[in-house]
Amino acid sequence: MDGIKYAVFTEKSIRLLGNNQYTSNVESGSTRTEIKHWVELFFGVKVIAMNSHRLPRKGKRMGPIRGHTMHYRRMIITLQPGYSIPPLIEKRT
């Protein structure tokens with residue numbers, strides 16, 4: 001479970017829970033097959049489909065130095081009917 005950072009709880013992700021779709025942020029270097037394998041192994045569920053996209057970087061500034069936040073990907077994981085994932089801990093900001 002190294003690649004999965006945390007679950008995402010937004011209005012859209014909560015709406016997708018009704019369709020048995022779960023949203024989480026993952027490391028940018030992780031592949032879809034790795035994430036699918038981790039989810040199926042760790043939670044004991046069957047994954048039908050996975051959709052992913054990269055979120056835009058946000059600018060950071062520390063004095064005169066400008067930089068960007070770390071990259072990560074957002075995965076939307078669709079499970080077979082009858083399977084579910086228990087709620088994951090939400091990241092506090």
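Two strands count as paired if DSSP finds at least two bridges between them. Keep in mind that the model is a predicted one.

**Exercise 1: the fold in order**

Work out how many helices and strands the protein chain has, and in what order they run.

Solution. Start with the tally: two helices and six strands. Next, walk along from the N terminus, and the elements read β-α-β-α-β-β-β-β.

**Exercise 2: a pair of strands**

Decide in which sense S4 and S5 pair, and describe what links them.

Solution. First, locate the strands: S4 covers residues 59-62 and S5 covers residues 65-68. Then look at the bridges; there are four of them, and the pairing is antiparallel. Finally, turn to the connection: two residues sit between S4 and S5, giving a hairpin. In that turn, Gly63 has a positive phi of about 70°.

**Exercise 3: the whole chain**

Find the span of the C-alpha trace, then say how much of the chain is buried and how far apart its contacts reach in sequence.

Solution. Along the principal axes, the trace spans about 55 × 25 × 20 Å. Of the 93 residues, 30% count as buried. Now take contacts between residues at least 6 apart in sequence: 63% of these join residues at least 24 apart.

**Exercise 4: surface and charge**

Describe the accessible surface and the charges of the protein chain.

Solution. The surface comes to about 6700 Å², with 54% belonging to carbon and sulfur atoms. For the charges, count 16 positive and 6 negative; their mean positions lie 9 Å apart.

Technical notes. Residues are numbered from 1 along each chain as its sequence is written. This is a predicted model: local features need pLDDT of at least 70, side-chain atom pairs count only at pLDDT 80 or more; totals for chains, interfaces and linings use all residues. Side-chain values use heavy atoms; hydrogens and water are left out. Helices (H or I, at least four residues) and strands (E, at least two) are DSSP runs, numbered from the N terminus. Buried means under 20% relative accessible area, exposed over 50%, partly exposed in between (1.4 Å probe, protein chains only). Contact means heavy atoms within 4.5 Å. Accessible areas come from the Shrake-Rupley method with a 1.4 Å probe; for residues, only the protein chains shown count as cover. Lys and Arg count as positive and Asp and Glu as negative; His and the chain ends are not counted. The place of a charge is taken as NZ of Lys, CZ of Arg, CG of Asp or CD of Glu.
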